[in-house]
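Hello,

Here is the structure I said I would pass on. My notes follow below it.

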Amino acid sequence: MDNILTLLVFFPAIAGLLGFVIEEKSMRVYGITVTVLEFFLSLWLWGIYDGANAGLQFVEFVPIIPSMGVNYYLGLDGISLFIVLMSTFMTMIGVISLSIKKNLKNMIISLLFLEMTMIGVFVSLDAIIFYLFWELSLVPMFYIIGAWGGPLRIYASIKFFLYTFTGSLVMLVGMLYVAYAYHDLTGVWSFALTDWYSVVFSVDAQMWLFAAFFVGFAIKVPMFPFHTWLPYAHGQAPTIGSVILAAVLLKMGTYGFVRFSLPMFPDAAVIWIEPIAVLSLIMIIYTAMVAYAQKDIKQVIAYSSVSHMGIIMLGIFAMNAEGITGSVFQMIAHGIVSGALFMLVGMIYDRRHTKMMDQFGGLASVMPKFALIFGVMLMSSVGLPLTMGFVGEFLVLIGFYHVSPMITILGGTSIILGAVYMLSLFKKSFFGPVTIEENRTLKDLNANEIWSLLPLVVLVIWLGVYPKPVLQPIDNSVHALLKFMDEKAVNEETKALIHVATKTKEAK
Amino acid sequence: MIGLTHYLIVSAILFSIGLVGVLRRRNLLMLFFATEVMLNAVNIAFAAISHYYNDLTGQMFAFFVIAIAASEVAVGLGILIVLYKKNGSIDLDDLVSMKG
Amino acid sequence: MENLIYIALFAPLVSSLFAGVFAMSPRATFVGVISSILLLVSFFASAQLAYFVYSTNAVIHTTMMPWIMAGDFFVEFGFVVDHISVTMMTVVTLVSTVVHIYSIGYMDHDKSFNRFFSYLSAFVFSMMVLVMSDNFLGLFIGWEGVGVCSWLLIGFWYHKPDVSRDENPSISPSWAANEAFIMNRVADLGMLIGIFILYWSVGSLKYDVVFATLPHLSETVLTTAALALFIGAMGKSAQFPLHTWLTDAMEGPTPVSALIHAATMVTAGVFLVIRANPLFAMTPEVSFFIAGLGTFVAFFAASMALVNRDLKRIIAFSTLSQLGYMFAAAGLGAYWIALFHLAAHAFFKALLFLGAGNVMHAMHDELDIFKMGGLKKYMRWTYIYMGVASLALAGIPVFAGFFSKDAIIETAFNEEAYVLWGMLVVTAGMTAFYSFRQVFLTFAGVPRYDTHHLHPHDMYRYVLIAMSPLALLAVFAGFFKEEFEAFVTHLLPSYHMSEHTHHLVGLLTVIVLGFAIGGIYLAYKKYYNGLKRDEKCENSFIYKLLVNQYYIPHFYEEFIAKPYTMISQKLWQEVDMKIVDAIVDAIAYFFYNSGDVTRRMQTGNLSHYLNWMAAGTAVLLLAAVLFA
Amino acid sequence: MENFLAQITTIEGFAFYLFSALTIVLFWITVMSKNVLYAMTALASGMVLISGFFFILGADFLGVVQLIVYVGAVMALYSFAMMFFDATRNIKENNTNSAIVFVLGGLSALALVLIFAAPIHNESIQALYPMHEGVGNAQDVGIILFTKYLIPFEVAAVMLLVAMIAGIILAGKKMDNSLTESMDEDVEDEIMKRKDLK
């Protein structure tokens, strides 16, 4: 199957177009069918993916504008494979658990288009195609927040759109500059990433280009101090919007760092380690504290997302296989866990139409199943061993320890601060006596909800106990990436800092 | 000998006259006249460049300018008449419905 | 043998999952029974392994499957059964089995009966992982696992509301649970850092590899690693300053206190130090710090126990104090003595807690020993059990505690750490006093409770029988000291008293005994014939200081918890909303307003537009003139 | 000055200066005149003179087209259009006579002159479609127009057709009310009629 990536990218979009002619009442079934098919398609992709091959696979190459070197160029490696899987998986779970009644048809069509753009971002290897999907992903999300959101939805969606859009434009300038530099060097135009990788920029140029890409990615991540769109977007978005936003859209930023910034500008990346580490630290500690101050459950999880993204950023800039692999794994873990947490908040919101902690209390006795699943996700979120959250967080921290012990110790406080806000959230909403009469009659999770959450719980524990099938392909690709960076680096210091794993994989 | 520069300068002066007209007049018809002046000024420049570089491209361009001017006048006058019939005036000061 | 290892390890997990299936169904006794049977299976497997190790002196390694791999990092689920871990396994499973059976009776009326067993067995599983792992990260799994289980179990009665600190020093079970978890997390960070250091300097986390590489490492690395690991141990074993959670953890059901907060989990820190003894042996400064801190905590906790009125808290303080003893021994290099005290302490402390549970059961959850008295009439067996356990705790000869604790005090003398020795001796006296103060106030004298409403009676018979192994061990465990030493010193460094100490051993024992018996006599004089409140003493500064635990919980509340909350609030409302977000919005408003201003250009008058356009053209042209 | 004299004495130079002076004056009148009729007459004369420039420059065909299209067709259109307005009357308009207009005009004139007067590096410019010696201008133009510029030429033709139709429709429609509104009303009337029929 040569065109599996094209199929994967455009199947949801075509299905979305067909969705316009489907009747409203059968839309839900239609949406579930499409997303399940898409998920199985991606599973199949995993099945035929060659884990031992660290390079790009399933490459498709069709020239679009040959004179400008713009090509329809797709491909995927261990780093993107699992993010793609996670995207299809979370979209599927999101659609299954969808509780929206109003304009369901439009919602599902938006989601399907969103799915296309998300997968497109992760598999495209041409900068123009990448940028196209990158920007397109804003549109469905803009609709989802703006049309189905809370009372401040217009403000939130416009803020989301403009903020991330501004960043992307700066990134675009960077991309164009790289293309121009490539043209200067070789005499031909090319936007293919694999071509760009071969350009060795001077350290000065790298600094500027890194900065341009940084703005685009950092806003998406979102890094402090560019994070303020996130609480609004999450606070106002409908459940499904928050799930996809937290699970997948934020990962675009960190993925961008791994895919663009590291291999293209290794020296600048090394020089930028310190500022980025400091920003990540602020993200970790500061947003964890802000999360603790929140009164709205959803906002706690939104800020906790920022805090966890800080960990991911730290790992990416660890410049060793432990850190980067851990980071990519943490992207997946965070996607699943925060997605699940947002879904759980959505479920309680559907019942009580409030997300304020002080409106709850004692839910554990009223809704034990809900409390149980929330507890599992919470524990994964605070990084308990044998859950997904631990593997990524641990690898990131151990990786960054090699770079800077001090920053790692400070970053490690996330395991304390994370526990502080998460446990206080859990205590305030689930423990204690039931004080509000309305809560006494709340219904526990119904079958549909349990079935949409159960796969997440299984995944969180399975990948916590046995992460090998996921870690190994990631690690192979990361290893190749690091070796490449090491060879390409201009500065001696960079070469010294990049730590390529020495051992041959005896684990296989 | 008369050089290219001479023609270009004349063209520039005529263009500026047209510009002054465009800026100054409030009557739409007069605005059209001023536009014609500017277009003609440009045409002179084209023809002159064509001549002095011995290249027909300039003349080609002038042809198309003329064609466009003709269409512009046709459509523009049509609109002018409609406007006049609707508002009873073709003074720009009276046509401010697009105020933002 | 591998099968036995897996049976010992996974029987508790199966038990937990089995009980978990019924967690949301109504109470069913069979759940408790089956859990207990599975635990018993685990105990037998452990015992058989212990016999195997004892008879063959072989160390069994087994690897289940790979876990995390990235770059050079590679960790497997590997288990090792050697003299140390098998001792721990046996102790843990034995105490757990007894506690499980006990809980069938104790939790009889609780509607969350099934859930309780699920948590309890999960805890045992985590503890088994902790002691059996053959690498530091495996240990960390168990380390965190016991943390979570302890969180679940302390907060077991989560439905209780928060009350003020004056009413209940632990505020509420859920509060205490969070406190325990978070405080443990603080220490876990230290432990993680220790793991990081070891990984980057050794390249592996397996005990064998790490210990084999230690001689090649620099002193700084060793010291920081040892210190970081010990910080981890301080949290789990509730050493100062991370000790406050342990007494608050008494909010959990009493069997939990017996199992987790006395016999097993809190000893994990001591276990870590014993396990990593090659590391600590190479870092004398850290070891001495451990010994010093241990001694200090032994004294410090005992002092707080002297005046406390809460039955369970007194025992909790005594646990803290005994943990201090263990650390003192381990820090002074007598690792096998520490392990011996750990095992002996597990037996008598569990017995003590279970006895306290019986009393609570009889007294309808009353905990204040000032409101008890005269219970020996109704609760003969409990009286005997608690008496035995207290004698063991006080270190009276023939009882287990005598052999182990005396050895520790001797060690301190032998190491010429006379200050430590002195403090430990005084603490021994204090231990005897508070143990018997508690026993006498509870069982002797006349009833101080409302005799019309309360009719105390002893626990179910099967519960009392289940407790008997612990009682027997509390009495006789000490006699196996020699065998124990021979057994564990295959792996642990042996420790011998010097000639000098050897000569004085009789004298030293007499001194310690003198303090212990003095303590008991004092308690007898003061409390055996009922309670006489001493107002003047109770109002004294020292008494208040001790009752309020040196105001340390208050200190944490005022100087850590409250400022943290306040800073968080400020960061959110002042910084995030008013600075970071406001700047973003200000940029947006700038564009918005500039649009509003420039909107006035949009007069609707074509002429004006043309003027603007011409102005723009002119500017561009001028620019062309000037710059071209 | 001598240079000027030398130039003006040649026939070409004389024509150039004469036409330049006349067009500038005539166009000035066009732009400044209050009377539409005067303005238009001046414009038409100016255009004739511009065709004169074209002839001097050897662009015969262009000059002819200028005469036919501008002076013939466009001016005719203007004069017909003027019939709709009262053209004999002086226009009352709120002319912006402010300095800014003249400053802007003057400035751009100055800038343009400066730019054009600057020496242009013309050596490097290669003629794309060179004129041929001995071949008439009309022939030359025709060859290029119908080969290289065929598509633009056809497009221009279509554009003119569209413009013509648009002009007819715009000017010929009944003018009582707005175009779009009247359309709507027609439809409404239609609907009403149908209802009545039922």
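Strand 1 and strand 2 of chain C make a hairpin, with two residues between the strands. In the turn, C:G71 has a positive phi of about 60 degrees. Please keep in mind that this is a predicted model.

The two strands, residues 60–70 and residues 73–81 of chain C, run antiparallel and are joined by nine bridges. One pairing to look up is that of C:P66, whose bridge partner in strand 2 of chain C is C:E76. Strand 2 of chain C is mostly covered, with eight of its nine residues buried.

Elsewhere in chain C, C:H502 is part of helix 21, which spans residues 499–527. C:H502 counts as exposed because it has 12 C-beta neighbours inside 10 Å, and the cut-off for exposed is 12 or fewer. Its C-alpha atom is separated by 8.9 Å from that of C:N414, although C:H502 and C:N414 are 88 residues apart along the chain.

Now the interface between chains A and C. Here 51 residues of chain A are in contact with 42 residues of chain C. On the chain A side, the elements that give two or more residues include helix 13 (273–293), helix 15 (321–352), helix 20 (414–430) and helix 23 (468–488). Helix 20 of chain A supplies the largest share of that side, seven residues. By class, the side of chain A that touches chain C has 31 nonpolar, 15 polar and five charged residues.

Regards

Methods: Residues numbered from 1 in each chain as written. Chains lettered and ligands numbered in written order. Predicted model: local features only at pLDDT ≥ 70, side-chain atom pairs only at ≥ 80, totals over all residues. Contact = placed C-beta atoms within 7 Å. Helix = DSSP H or I, 4+ residues; strand = E, 2+ residues; numbered from the N terminus. Nonpolar A, V, L, I, M, F, W, Y, C, P; charged D, E, K, R; others polar. Buried ≥ 20, exposed ≤ 12 C-beta atoms within 10 Å, placed from the backbone. Pairing = 2+ DSSP bridges.
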